Structures are given as C-alpha cells and as structure tokens.
Amino acid sequence: MTVNVGVIGAGMIGTDHMRRLDRVVSGARVAAVTDIDPARAAEAAAGVGARALASDAEVVADPEVDAVLVASWGPAHAASVLAAIGAGKPVLCEKPLATTAEDCRRIMEAERAHGSRLVQVGFMRRYDTGYRAMKELIDEGAIGVPLMAHCAHRNPTVPEAYHSEMATKDTAIHEIDTLRWLLGEELATAQIIRPRRTSKRFAHLVDPQLLLFETESGARIDLEVFVNCQYGYDIRCEVVGEDGAVRLPEPQEAVLHAAGRSGSSVHQDWKRRFGAAFDAEVQAWADAVAAGRIEGPSAWDGYAAAMVGDAAVHSLETGEVVPTKVEERPDFYA
Ligand code: NAD
Ligand code: NAI
Ligand code: ISE
C-alpha cells in the first residue's frame with residue numbers, strides 16, 4: 001500500500017520532508033500540500049507532483065489523503081492536529097506538539113475519544129543512531145544507575161523573530177524529550193539560569209541560557225542552550241552513572257590534514273546533523289501507518305515535554321526551581 005500524505009506547512013522542514021517522502025521513503029508519497037502562503041504551497045506541490053490545497057481543513061478532509069504531516073510553525077500545530085484527529089487520520093506533527101500544555105491536553109482528549117492512537121510527535125532524535133546506542137547501553141546497565149547528564153544545544157545563529165521562550169519551547173524541547181526517553185522517567189523540576197549574554201544576538205534575546213532539571217528519582221541534568229554560538233550546529237550529551245559514563249558520538253566527518261593543521265568540519269544545521277534520523281523517523285511512520293499502527297513518540301510525550309517547557313519558561317522570569325507537575329502517564333499511552 002502507498003500511503004498518500006497531506007503536508008501542512010511548506011517552509012524549511014516541510015519542504016525537506018516532502019523531498020524525503022518523494023525520494024527517500026518507500027511506500028509513501030505526497031498527495032496534497034497547503035501553506036498559509038498559497039504561492040509557497042503551489043511551488044512545493046509542483047516539485048513533488050502533488051496538489052496544492054487552500055487550507056489544513058481541506059487537506060485533512062481530502063479523500064485521497066491517508067495521513068497528515070504537520071510542519072507549520074508551532075502555534076499552528078494544535079488546530080491542524082485536532083482537525084486530523086477529527087477526520088480519524090494518522091498525523092505526524094513536528095515538535096513541539098503544541099506551544100501550550102493545555103493544547104496538548106486537548107489533543108490527548110480528542111485522541112482518547114477517537115479510541116486509539118493517531119498522533120506521533122516529530123522528536124526525531126529517538127531515531128538517531130548515536131542516541132539509540134546510548135539508550136541501549138543505559139538500558140542494559142552498562143553505566144549503572146544514571147546520576148547526571150550534561151548536555152549542550154548550540155545553533156550558529158537565529159533570526160530576529162526567535163525570542164527567549166523559544167530557547168526552551170523550540171530548542172531545548174528536543175533534550176527535554178530525549179532525556180525523559182533515555183532515563184525512562186519524568187523531569188520533576190526545571191530552572192533557568194542566565195549566564196553573561198553574548199553580544200552577538202538581537203537585543204531582546206536572553207542567550208545563552210543554562211537549564212537545570214531534576215528527575216523524579218533525583219538525577220540532575222544541566223543543559224546549555226546557546227543559539228548564537230557562531231561556529232556551528234553542535235549537539236552534546238553525556239550521561240554519567242554509578243559505574244560509567246556514555247557520551248553521544250560526534251557525527252562522522254573526514255579528518256583533513258592541510259596547511260599545517262588537522263581537523264574536520266562542524267555541521268551548520270539540523271538538516272544535515274540529523275538527516276539520517278529524519279529519514280528513519282518518516283520511514284518508520286509510513287511503515288506503521290501502512291500496517292494500521294501508530295508508534296514512536298506519542299501525544300503524551302508531547303504533553304509531558306510541554307509541561308516541563310512551561311515550568312522552565314516560568315523560571316526564566318523568576319530564576320526559581322519550578323515543579324513541572326507532570327502527572328502519572330495514562331494507561332492509554334502505556
Ligand atoms: P518555517 O517557518 O520555515 O515553515 C513553516 C511553514 O508553515 C511556513 O511556510 C508557513 O507559511 C507555514 N504555516 C504556518 N502556519 C500554517 C498553517 N496554519 N497552515 C499551513 N501552513 C502554515 O518553519 P520550519 O523551520 O520549517 O519549522 C516548522 C516546524 O518544524 C516547527 O514546528 C519547528 O519547530 C519544526 N522544526 C523541527 C526541527 C527538528 O529538528 N526536528 C528542525 C526545524 C524545524
Ligand atoms: P518555517 O517557518 O520555515 O515553515 C513554516 C511554514 O508553515 C511556513 O511556510 C508557513 O507559511 C507555514 N504555516 C504557518 N502557519 C500555517 C498554517 N496555519 N497553515 C499552514 N501553513 C502554515 O518553519 P520550519 O523551520 O520549517 O519549522 C516548522 C516546524 O518544524 C516547527 O514546528 C519547528 O519547530 C519544526 N522543526 C523541527 C526540526 C527538528 O529538528 N525536528 C527542525 C526545524 C524545524
Ligand atoms: C529548530 O526548530 C529545531 O528543531 C532545531 O533542531 C533546533 O536546533 C533549533 O534551535 C530550532 O529552532
């Protein structure tokens with residue numbers, strides 16, 4: 001069976017996912033595209049032999065569309081995901097699932113009313129071979145009980161529209177999900193500390209930020225978010241346990257020796273750094289949809305991450321340690 005996908009949002013990542021569905025993923029194709037900018041939708045649709053439609057409502061209602069991929073900007077996600085659930089269609093939604101925990105809760109309620117899972121959240125790091133190898137080692141007990149994690153998330157620059165809350169809700173949200181998954185428990189508290197600011201940023205932005213989390217069992221996580229680091233897209237993660245430590249491998253790059261120096265290049269964006277993870281994520285989603293299942297990060301994962309994000313953003317203002325108040329995971333999402 002070929003899964004006919006309707007794509008909502010034809011921006012940077014939407015266009016990249018369409019290329020992926022068209023040329024990389026087997027058993028799926030792009031059937032329809034929409035964007036609030038109709039010219040962008042028309043251009044993207046023409047590039048992959050799909051139809052451009054006027055709205056997300058038209059995409060989810062289209063009889064040819066079997067499944068929906070949401071790649072609009074974060075604040076638009078909830079409405080499109082709720083529309084897909086209303087039509088009973090599987091939906092892969094780019095992170096964040098929604099920009100508020102309240103909207104994530106509405107999505108979970110709609111999914112439960114439908115009776116089975118329809119939503120997968122685009123936390124693609126769970127498909128990265130480096131993070132998967134870390135998880136395997138942690139799960140088999142190779143480092144003993146995890147005690148600490150040290151992480152960094154650096155972008156070369158961000159545009160002027162990027163604001164201080166996005167450091168948590170758009171950027172750190174990746175580590176929030178990844179650490180919940182790696183450690184197998186919820187993050188109970190969040191705190192943000194403001195180091196000296198880089199001068200290489202727009203005036204309104206707090207950058208860098210240091211995020212501190214404590215898990216339910218008392219493990220501590222420190223995460224540096226630095227989105228104007230200038231030199232590259234650099235993602236680091238080390239988990240330290242009672243018996244050892246495990247570190248995310250650097251992406252493999254050739255080592256060049258020339259002009260009296262030795263070194264390798266640093267990735268400049270998420271597209272290249274996590275390209276293989278995105279491919280694996282979308283292929284796994286298409287395979288699951290074709291088989292009538294939904295797997296991968298769930299609406300619950302989107303919700304728990306949003307709860308932690310809300311607590312962290314609160315701390316950005318006060319500097320206090322803020323409880324995340326993530327409840328017990330419902331059986332529906334076991
Ligand atoms: P973008 O601004 O390039 O693209 C967003 C597109 O969505 C735009 O074309 C915009 O016109 C369109 N859009 C906005 N609201 C819409 C709506 N209601 N209906 C239809 N189209 C709408 O943004 P982007 O960089 O492609 O990011 C999009 C999403 O992907 C965000 O949620 C972002 O967090 C996520 N993202 C994830 C990763 C990752 O590493 N997983 C990387 C980049 C972006
Ligand atoms: P973008 O701004 O390039 O694209 C967003 C597109 O959505 C734009 O074309 C915009 O016109 C369209 N859009 C906005 N509202 C819409 C609506 N209501 N209906 C239809 N279209 C709408 O943004 P980008 O970088 O592509 O990011 C999109 C999403 O992907 C975000 O949620 C972002 O967090 C996520 N993302 C995820 C990454 C990852 O690592 N998984 C990497 C980059 C982005
Ligand atoms: C972007 O949306 C992503 O998801 C990238 O992975 C992240 O590094 C960047 O900061 C976000 O804006």
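Ligand 2 is surrounded by 25 residues, of which Gly9, Gly11, Met12, Ser72 and Ala76 are the closest; a residue is counted here if its C-beta atom, placed from the backbone, lies within 6 Å of the molecule. This is a predicted model, in which local features need pLDDT of at least 70, side-chain atom pairs count only at pLDDT 80 or more, and totals for chains, interfaces and linings use all residues. Residues are numbered from 1 along each chain as its sequence is written, while chains are lettered from A and ligands numbered from 1 in the order in which they are written.

The largest share of the shell around ligand 2, three residues, comes from helix H1, which spans residues 12–23. Helices (H or I, at least four residues) and strands (E, at least two) are DSSP runs, numbered from the N terminus. By class, the shell around ligand 2 holds 11 nonpolar, seven polar and seven charged residues. In this division Ala, Val, Leu, Ile, Met, Phe, Trp, Tyr, Cys and Pro count as nonpolar, Asp, Glu, Lys and Arg as charged, and the others, Gly among them, as polar.

Ligand 1 also has 25 residues around it, and those that come nearest are Gly9, Gly11, Ile13, Ser72 and Ala76. H1 gives the most to the shell around ligand 1, with three residues, and that shell divides into 11 nonpolar, seven polar and seven charged residues.

The chain as a whole may be considered next. The protein is divided into domain 1 (3–122) and domain 2 (128–268 + 305–326), with bounds that come from an automatic or database domain assignment. The centres of the two domains, taken over C-alpha atoms, are separated by 27 Å. Nine residues from domain 1 and eight residues from domain 2 take part in the contact between them, where contact requires C-beta atoms, placed from the backbone, within 7 Å. On the side of domain 1 that touches domain 2, five residues are nonpolar, three are polar and one is charged.

An unreviewed UniProt entry carries the annotation "domain: Gfo/Idh/MocA-like oxidoreductase N-terminal" for residues 3–123; UniProt positions are given in the numbering used here, feature names are shortened, and annotations may be inferred rather than shown by experiment. Residues 3–123 are 43% helix and 22% strand, and their end C-alpha atoms lie 21 Å apart. UniProt also places "domain: Gfo/Idh/MocA-like oxidoreductase C-terminal" (unreviewed entry) at residues 135–323. That span is 33% helix and 26% strand, with end C-alpha atoms 26 Å apart.

Strand E11 (residues 234–241) pairs with E12 in the antiparallel sense over three bridges, and Glu238 has Arg247 in E12 as its bridge partner. Towards E15, two bridges join the antiparallel strands E8 and E15, and Thr189 stands opposite Pro323 in E15. E8 and E9 are likewise antiparallel, over six bridges, with Leu211 in E9 as the bridge partner of Ile192.

Several loops have particular backbone features. The peptide bond from Asp207 to Pro208 is cis, with omega near 0 degrees, and Pro208 is found in the loop between E8 and E9. A cis bond, with omega near -10 degrees, also links Lys95 to Pro96; Pro96 is in the loop between strand E5 (91–94) and helix H5 (101–114). In the loop between E10 and E11 lies Gln230, a residue other than glycine whose phi is positive, near 80 degrees.

Methods. Pairing = 2+ DSSP bridges. Contact = placed C-beta atoms within 7 Å.
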